Amino acid sequence: MENQKFYYDNKIVKLFVLATIIWGVVGVIVGLLIALQLAFPVFNFDFEYTTFGRMRPLHTNAIIFAFVGNAIFAGVYYSLQKLLKARMFNDVLSKIHFWGWQLIIVLAAVTFALGISTSKEYAELEWPIDILITLVWVVFGWNMIGTIVKRRVQHIYAAIWWYLATFLGVAMLHVVNSLELPISLTKSYSIYAGAQDAVVQWWYGHNAVAFFLTTPFLGLMYYYLPKAANRPIYSYKLSIIHFWSLIFLYMWAGPHHLLYQALPDWAQALGVTFSIMLIAPSWGGMINGLLTLRGAWDRVRDNASLKFMVVAVTAYGMSTFEGPMMSLKFVNQLTHFTDWTIAHVHIAGMGWNAGLVFGMLYWMIPKLFRTKLFSEKLANLHFWIATLAILIYAIPLYWAAVTQWLMWHEYTAEGFLAYPNFLETLTQILPMYTVRIIGGTLFLIGFLIMVYNLFKTMKSGSVEDNELAEAPALVIQGRRNPLQETVHRWVERRGVRFSIWVFIVLAIGGAAEILPMIFIKSNIPTIESVLPYTPLELEGRDIYVSEGCHTCHSQVVRPFRWETDRYGEYSKIGEFVYDHPYQWGSRRTGPDLARAGYVGGPMYKNAAWHYNHFKNPQKMNEQSIMPKYDWFARKDVDLSMTPKKIRAMQILGVPYPEGYDEVAVDDYMKQAKEIVADLKKSNIDIEPTKEMVAMIAYMHKLGGDIAPLQLDEGTKEPAPQKEITLLSGVEDMGDADEVFTKICAACHGPSGKGIATFPDLTDAQWINGNSPSDVYYSIRNGNAVKGMIPYKDQLSDKQIIQLTSYILLKLNK
Amino acid sequence: MAKEIKDTDRYDENLMDHDYDGIQELDNPPPRWIMAIFYITIAFAIIYGAYYFWLGVGDSQDAEYARKSARHDQEYQIKSVSGNELALLTDAADIAEGKAIFKDMNCFACHGTNGEGNAIGPNLIDDYWLHGCEFADVFNVIKNGEPLKGMTAFKGQLSDEKIQKVGSYIVSLKGSNPANAKAPQGDRCE
């Protein structure tokens, strides 16, 4: 058969390689910055645009999507053409893919620094950029599948199975997780709320790890490892088994990020069991890689590229054993919210991902530039520095995690928390944070050595932008002959069919977990006393979201005695039904805030405390590492957006009364002025429109809705309720009318219809019950959490009974 | 391509006719132990589900908390101070301990390093008290807090004994006349 001539597109590979190197350096430097910030808060520079809360997403996104992302594309564009004996499907698509992706990265860096963020981990970008990602990703997939279709090789090799799973998996994850309701170019609300949002987010978050950091890298391993070692793949059968089992099982494991949190037990159990079942499929990849090196270990000794690959595969094996162990509930109570997770992801990120990228680059760049590596010695130096860096980075963090966890749950002999002040447990581990910086610095030094080595290599050679190659045309084979061809071998030559099967296998896990959370009501038991955010609280929440407060403060109390003693009652699913998006967080560098608004609880602080603390945390707690947020006192909330936000919330199902958007700003100012007046008592002057006021209102909303105020032990037991006989005399009604107008009308309106969020007394809905004694006690004892004042000291018993009668007989006919 | 590969005799008897850009594949079965791990983890998942759901042996998350919390209460019988024991301590050692607690619990953030008070909390050094004149009142405010005014309840963090000590330290500050003392608040106590 005659050979066809064609040209490999090497230029696009070169572009992706350069982007990988440049963004890699940026990502590591930002990582170093946030490591410095944690040990020495002065590195927040008292500057709004460089706080930890804004820089941390910049680091994670730069590493995952900029460094690793470009590396994937470089690796895929190089290997795909060679494996399929075809040029990329379309040069224009290649260019759109490359430049589109770089544009996304630049937009990400700018918007994060500006505080434009959805706060969903690894999906913090706002909706216009989300759409751009979708488009560029589709271009990537289109280009890849197009190339598969016009290939000159009968069967699709294992590496490409992983590339396909990557494309399809990420497409599905990104679209479903990013469904959000825009209210302006820079702000949107997740359509999911609370526990639903958490399940969707960690289905995404966990599988971003799977389909951005694992599957593409297994694909790269299946190409570059056998190429660099010049050895055949150890087991074709193992390739098949671990591919299908891994992509199926991974999608179910997301809830292991939410163990012991406000999530139904069944969903948590799926997270645990599927994570455990992932051990063997993950290790399948590791051992197929390591066994492929049989007979080539002598070359590993002096070849830096292979050494990096071996460390990468080993780190992968370690992480994929550690991950399932961390998913066991009793282990998770230690590893979650501590630095264990941070150490875990850096073993995987620096070992597996960066290691494989380094190995790939040391092998590929000399090939691409038709030259030899500038210095094998420097490459080996890089290897040893990087390996040492990983250890110096991770070991202190494991140590920190165990230390902090032990302190969190230690009790004194008297039965009190040994370290009730959260800060003590943080101060204790700061020295380990300092050591971690050494690890990060070493990693950067190694990286820079590689950059020098690779640029020297590039200079000594040149890329042939269009490299001539030839291969016979593909002859499409017909039906499967069951005697000569297995089903899998048959599917391997049917690219589109193969993709459809992958998609189906991927879709099952997410559907099985997300759909019940949305459509089966019993999974989200509602709590009647939980009310929507007032406009002021909502604006405060939006500031909390945009500043990335969740990067240090969780908002979910787990059902452990040592957490309920420290923070208050553990979190319930129904408390989060108005949270678009949820804010549970995943690391406690600062204390949990789920009960910051629970009056009388251990976390409650008054307005003046919050004011001073936001302005200068070190003034309140000398050793605090929180950045100063003094611009909260300077910057105004944009009130023109408030009605829009209320309407958006209504569309998402938050039960504000109809037309509430029109009075939202009035309500905003009313509540803000109360806080301003409260602050005034402590001689603090501030205008009601400042961000500070909204933040204080939000802090005071958190977790306070679940139970009425309990001021002391005595009122914990409900007092025996006395029977109330209603007074219906004309005189009683007259007296009551007078009192009502004077006192009650301010909040409940002159005719009891209610004002804004204060309840209507004329309808059939009652927050605290509508029996005569319920109403009597509501007036008498109030409901401090909701703002209802107790009137027992201001009104006589008779007056309260008169009012009760007036409300029940006259207003609520 | 196959010619380039060395060690063929030792390892590669199962070479298949697959060739992708020079990459070949062997027809080895997956190692038995990895398959064993796979089956064991699947069995674990089934047993886990049975234990917690189908057989209903394992506790739900809420039940687990209730059980462990009850055990905790049993383990630590918290001693309370009441009646005649609830008196002002004047022993220097107790006062010194009270002072240490004052610092450890960050009381100074709101009441000043020497109890002079600041923008947030009242001073603790004069005859004027917001919540009552008796030592029992001081004790009570520390224990149960005045949440709406910003005073934290310390009952979950300090034993009654420690509250008694820090309360005694505070009372001992009377007349100490630190710099920058805040103006008196509350009622004068004789």
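**View 1. S119(A) sits in the loop between α3 (91-114) and α4 (127-149) of chain A.** Helices here are DSSP runs of H or I with at least four residues, and strands are E runs of at least two, numbered from the N terminus. This is a predicted model, in which local features need pLDDT of at least 70 and side-chain atom pairs count only at pLDDT 80 or more, while totals for chains, interfaces and linings use all residues. Residues are numbered from 1 along each chain as its sequence is written, chains are lettered from A and ligands numbered from 1 in the order in which they are written, and side-chain values use heavy atoms, with hydrogens and water left out. Although S119(A) is not a glycine, its phi is positive, about 70°. Its relative accessible area is 5%, so S119(A) is buried (under 20% is buried, over 50% exposed, and in between partly exposed, with a 1.4 Å probe and protein chains only).

**View 2. F337(A) is another non-glycine residue with a positive phi, about 70°.** Look for F337(A) in the loop between α13 (329-335) and α14 (340-368) of chain A. With a relative accessible area of 0%, F337(A) is buried.

**View 3. A cis peptide bond runs from H580(A) to P581(A).** Its omega is near -10°. P581(A) lies in the loop between α21 (561-567) and α22 (607-615) of chain A. As background, most residues other than glycine have a negative phi, and most peptide bonds are trans.

**View 4. F98(A) is a buried residue in helix α3 of chain A.** The relative accessible area of F98(A) is 5%. Setting aside neighbours within four places in sequence, F98(A) is in contact (heavy atoms within 4.5 Å) with I12(A), L15(A), F16(A) and A19(A). F98(A) also belongs to an aromatic cluster whose members include F16(A), W99(A), W101(A) and W137(A).

**View 5. W340(A) and Y398(A) form an edge-to-face ring pair.** Rings of Phe, Tyr and Trp (its six-membered ring) pair if their centres lie within 6.5 Å; planes under 30 degrees apart count as stacked, over 60 as edge-to-face and the rest as tilted. Here the centres are 4.7 Å apart and the planes meet at 70°. The pair links distant parts of the chain, 58 residues apart: W340(A) in helix α14 and Y398(A) in helix α15 (residues 376-408) of chain A. W340(A) is partly exposed, at 21% relative accessible area, whereas Y398(A) is buried, at 19%.

**View 6. Chain B meets chain A through 62 residues from chain B and 76 residues from chain A.** Between them the chains bury about 6,200 Å², 61% of it on carbon and sulfur atoms (buried area is the accessible area, 1.4 Å probe, that two parts lose on being put together, summed over both). In chain B, Y20(B), D21(B) and Q61(B) lose the most area to chain A, together 12% of what that side buries.

**View 7. K85(A) reaches across to D21(B) in a salt bridge.** The closest N and O atoms are 3.4 Å apart, and the rule finds five salt bridges across this interface (a side-chain nitrogen of Lys or Arg within 4 Å of a carboxyl oxygen of Asp or Glu). On the side of chain B that touches chain A, the elements giving two or more residues are α2 (32-54), α3 (61-75), α5 (108-111) and α7 (160-172) of chain B. The largest share, eleven residues, comes from α2(B).
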